[in-house]
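I begin with a pair of helices and then turn to the sheets.

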Amino acid sequence: MTSHAIRHVRVTPIAFRDPPLLNAAGIHEPWALRSIIEIETDSGLIGINESYGDLPMLDALAKAAPALTGLSPWALNDMETRVAALVTPKQTSSEFLGTQVSLAPGTHVSKTVAKVISAFEVAMMDLQGQLANAPVVDLLGGAARPAVPFSAYLFFKYAEHIEKPYAPDPFGEGITPEQMVAQARRMIDQYGFKSIKLKAGALPPEQEVAALLALSKAFPGAPLRIDPNANWTVATSLKVVEQLRGVLEYYEDPAPGLDGMAAVAAACEVPLATNMVVTDLKEFRRNAEMGCPVKIVLSDHHYWGGLRATQRLALMCETFGLGLSMHSNSHLGISLTAMTHLAASVPQLSYACDTHYPWQDDEVVQGGRLAFEDGSLRVPTTPGLGVQIDREALARLNNNYLNTTIRNRDDLAQMRKYDPSFTGHQPRF
């Protein structure tokens, strides 16, 4: 009888080009880091996934990987127990309270267990799908929709990195309202997106408001969102939302912390969304106990603990009458495909999902870049995730990693190369 027990886990760090995108923490570094996970069985089947690629994540994956040896690809509960036993941080949860509000919740030490579980879970479910001859979405209960809508994700940006490690990206500079309208038009023409999100918190608020108003005029009727990553005070947040009256679909993380968000919500008619202050079920409970000032949770299976954990979150959102969508980070096709399977399986998905994918120009899957149709990605119907690794591309992107000194994303340090006085203090405006 053929054994499908797990015999080996491979983790390959990769790096790919990232444009000089501005945000509340500073500016993107020239190279984005990710990891490619491969789980191989005795029978030779390989399940794949893509996750974070910073050094602490690579260390955690390496520490946990041996615990999967001998497990069935179906043994997700056993995997979770073994991972938690090996990589649970020694600090108590109370020691994390000062770090919970951050631009990148996926970097929290408190998210280590959830991130590693997710990294392995998706690869194991890819194996399950291959064994069952079914797409991952069917393992999650089936597709509630045949395609998943995504949003145009705009960034204020410089034309090129100060270090000029490669040619400028085709979007060029994005600072003025006119440039941001051109950025949106290029993205919408290429991908067909129906809604628009503007990453804010990088420039003075009046400049960012002017850009969003220009977008509203240029794309009448398109749902618009703005996300300053908690870089505005409550007073600034309320001033901005008044200037954008009648324009916003939702208002994402304007002020720091759940208390700050609650203060904005008390005087604001636009629903508040977050991927910063409701990032686990403990924070979900606190939001509920406060009367749900946050009305929309932007989930992320990478740090919520995987696909199944995010489905549980979806049920909680439905129970409390909250909206649900999905947050993104710089990612490639494996991560985006997993996200698509998950989003398709959630009936109550309320809004088009975020994706950084248009900002990346490389790929690690066979066949190259994934194709959007009318702003959406069709849900794969082939077994497992429905994508396979391009070995030549993987080797090339791993070589990028080996040839860069970046091992942890640091937008603050990168920004200080442009502006040595930049402090990254939040809220800045």
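1. In this predicted model, helix α5 (residues 177–191) and helix α6 (residues 205–218) have axes that come within 8 Å and cross at roughly 50°. That angle makes α5 oblique to α6, given that angles under 35 degrees count as roughly parallel, over 145 as roughly antiparallel, 65 to 115 as roughly perpendicular and the rest as oblique. Axes here are lines fitted to C-alpha atoms, for helices over the stretch in contact, and angles run from 0 to 180 degrees between N-to-C directions. Helices (H or I, at least four residues) and strands (E, at least two) are DSSP runs, numbered from the N terminus.

2. The crossing of α5 past α6 is right-handed, the term for a near helix turned clockwise from the far one by less than a right angle. On the α5 side the contact involves P177, M180, V181, A184 and R185, and on the α6 side A210, A211, A214, L215 and A218, where contact means heavy atoms within 4.5 Å. By class, this contact of α5 with α6 has nine nonpolar, no polar and one charged residues; Ala, Val, Leu, Ile, Met, Phe, Trp, Tyr, Cys and Pro count as nonpolar, Asp, Glu, Lys and Arg as charged, and the others, Gly among them, as polar.

3. Helix α5 also lies across β7 and β8, running at about 150° to β7. These strands belong to an open sheet of seven strands with parallel pairing, in the order β7-β8-β9-β10-β11-β12-β13, two strands being paired if DSSP finds at least two bridges between them. β7 (152–155) and β13 (323–326) stand at the edges with a single partner strand each, so one side of each is left without a neighbour in the sheet. Neighbouring strands of this sheet are turned by 25° against each other on average, direction ignored.

4. Within that sheet, four bridges join β7 to strand β8 (residues 196–199) in parallel, and Y153 has K197 in β8 as its bridge partner. Strand β11 (residues 272–274) pairs with β12 in the parallel sense over three bridges, with V297 in β12 as the bridge partner of T274. Five of the six residues of β12 (residues 294–299) are buried, so this strand is largely enclosed by the rest of the structure; buried means under 20% relative accessible area, exposed over 50%, partly exposed in between (1.4 Å probe, protein chains only).

5. A separate point concerns the open sheet of three strands, which has the order β1-β4-β5 and antiparallel pairing. Its edges are β1 (6–17) and β5 (46–52), each with a single partner strand, so one side of each is left without a neighbour in the sheet. β1 is joined to strand β4 (residues 31–41) by 11 bridges, and L33 in β4 is the bridge partner of A15. Helix α12 (residues 333–345) packs on the sheet, touching β4 and β5, and its direction makes about 100° with that of β5. Helix α13 (residues 391–403) lies across β1, β4 and β5 and runs at about 65° to β1.

6. M57, in helix α1 (residues 55–64), is buried, with a relative accessible area of 1%. Leaving aside neighbours within four places in sequence, M57 is in contact with S51, Y52, K115, V116 and A119.

7. On conventions, residues are numbered from 1 along each chain as its sequence is written, and side-chain values use heavy atoms, with hydrogens and water left out. Local features need pLDDT of at least 70 and side-chain atom pairs count only at pLDDT 80 or more, whereas totals for chains, interfaces and linings use all residues.
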